[in-house]
Amino acid sequence: MRKQERQRFISKIIRENEVFKQEDLVALLIEKNIPVTQATVSRDIKEMKLIKVLNENGILKYELPQNDNSASGRLNKLLKKSFIDLKRMDKMVSIITKPGSGFALGGLIETVYPEFLFTVMANDDKILIFMETEEAASDMEDKIYGILK
């Protein structure tokens, strides 16, 4: 499994579970048939800039960093520079970009807008965003058009 895919799984696990230790994260990944080592997870935690915050019981748990303004800024610039077209159907949003922008833009969308996101698929010039609800897909469409204004 590629690092980017593994880190997407880690993000999803952190959003859906209270993860207190690296060992917990390793166990959850292995439970999902994602082979990892403690060292790999440790590097991923550093690269993803995961933080530890107190939960309601006063115990430290891992969380994703708050929306990174630099990632948001890069998303805005790249979207304005590379956008060609957008279409929405049900729980999906499709974005067509100039060649060479799809992968980067897909990763930035996933970083900046993780809420209600099911998954993002990208290639060189297209991004397909799967949302959890139709309402979330409509909100994503509005956010994209809001950036383009």
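The model described here is predicted. Phe 20 sits in the loop that joins H1 and H2.

Beyond its neighbours within four places in sequence, Phe 20 is in contact with Lys 52, Asn 55, Ile 59, Leu 60, Lys 61 and Tyr 62.

## Overall layout

The protein contains six helices and six strands. Their order along the sequence is α-α-α-β-β-α-β-β-α-β-β-α. The radius of gyration is 16 Å, close to the 15 Å that the globule rule gives for 149 residues, so the protein is as compact as a globular protein of that length. Along the principal axes, the C-alpha atoms fill a box of roughly 45 × 30 × 30 Å.

The protein is divided into two parts: domain 1 covers residues 3-63, and domain 2 covers residues 71-148. The centres of the two domains, taken over C-alpha atoms, are separated by 25 Å.

Of the 149 residues in the protein, 36% are buried. Among contacts with a separation of 6 or more, 52% come from residues 24 or more positions apart.

## Helices H1 and H3

Helix H1 spans residues 3-16 and helix H3 spans residues 38-48; their axes come within 11 Å and cross at roughly 80°. H1 is therefore roughly perpendicular to H3. On the H1 side, the contact involves Lys 3, Arg 6, Gln 7, Ile 10 and Ser 11, and on the H3 side Thr 40, Asp 44, Glu 47 and Met 48. Sorted by class, the contact of H1 with H3 has two nonpolar, three polar and four charged residues.

Apart from its neighbours within four places in sequence, Arg 6 is in contact with Met 1, Ile 34, Val 36, Thr 40 and Asp 44.

## Helices H2 and H3

H3 also packs against H2, at an angle of about 110° and with the axes 10 Å apart. H2 and H3 are therefore roughly perpendicular to each other. H2 contributes Gln 22, Glu 23, Leu 25, Val 26 and Leu 29 to the contact, while H3 contributes Gln 38, Val 41, Ser 42 and Ile 45. By class, the contact of H2 with H3 has five nonpolar, three polar and one charged residues.

## Helix H5

How many of the eleven residues in helix H5 are buried? Eight of them are, and H5, which spans residues 102-112, is mostly covered. The buried residues in H5 are Gly 102, Leu 105, Gly 106, Gly 107, Leu 108, Ile 109, Glu 110 and Val 112.

Most residues other than glycine have a negative phi. Which value does phi take in Asn 33? The phi of Asn 33 is near 60°, a positive value in a residue other than glycine. Asn 33 is placed in the loop between helix H2, residues 22-31, and H3. With a relative accessible area of 69%, Asn 33 is exposed.

Asp 90 is also a residue other than glycine with a positive phi, near 50°. Asp 90 is found in the loop between strand S3, residues 83-89, and strand S4, residues 92-97. The relative accessibility of Asp 90 is 44%, so this residue counts as partly exposed.

## Asn 76 in helix H4

Where in the protein is Asn 76 found? Asn 76 belongs to helix H4, which runs over residues 69-82. Asn 76 counts as partly exposed, at 27% relative accessibility. Asn 76 and Glu 115 are 39 residues apart along the chain, and 18 Å separate their C-alpha atoms.

Conventions
Residues are numbered from 1 along each chain as its sequence is written. This is a predicted model: local features need pLDDT of at least 70, side-chain atom pairs count only at pLDDT 80 or more; totals for chains, interfaces and linings use all residues. Side-chain values use heavy atoms; hydrogens and water are left out. Domain bounds come from an automatic or database domain assignment. Axes are lines fitted to C-alpha atoms, for helices over the stretch in contact, and angles run from 0 to 180 degrees between N-to-C directions. Helices (H or I, at least four residues) and strands (E, at least two) are DSSP runs, numbered from the N terminus. Angles under 35 degrees count as roughly parallel, over 145 as roughly antiparallel, 65 to 115 as roughly perpendicular and the rest as oblique. Contact means heavy atoms within 4.5 Å. Ala, Val, Leu, Ile, Met, Phe, Trp, Tyr, Cys and Pro count as nonpolar, Asp, Glu, Lys and Arg as charged, and the others, Gly among them, as polar. Buried means under 20% relative accessible area, exposed over 50%, partly exposed in between (1.4 Å probe, protein chains only). The radius of gyration is taken over C-alpha atoms; the globule rule is 2.2 Å times the number of residues to the power 0.38.
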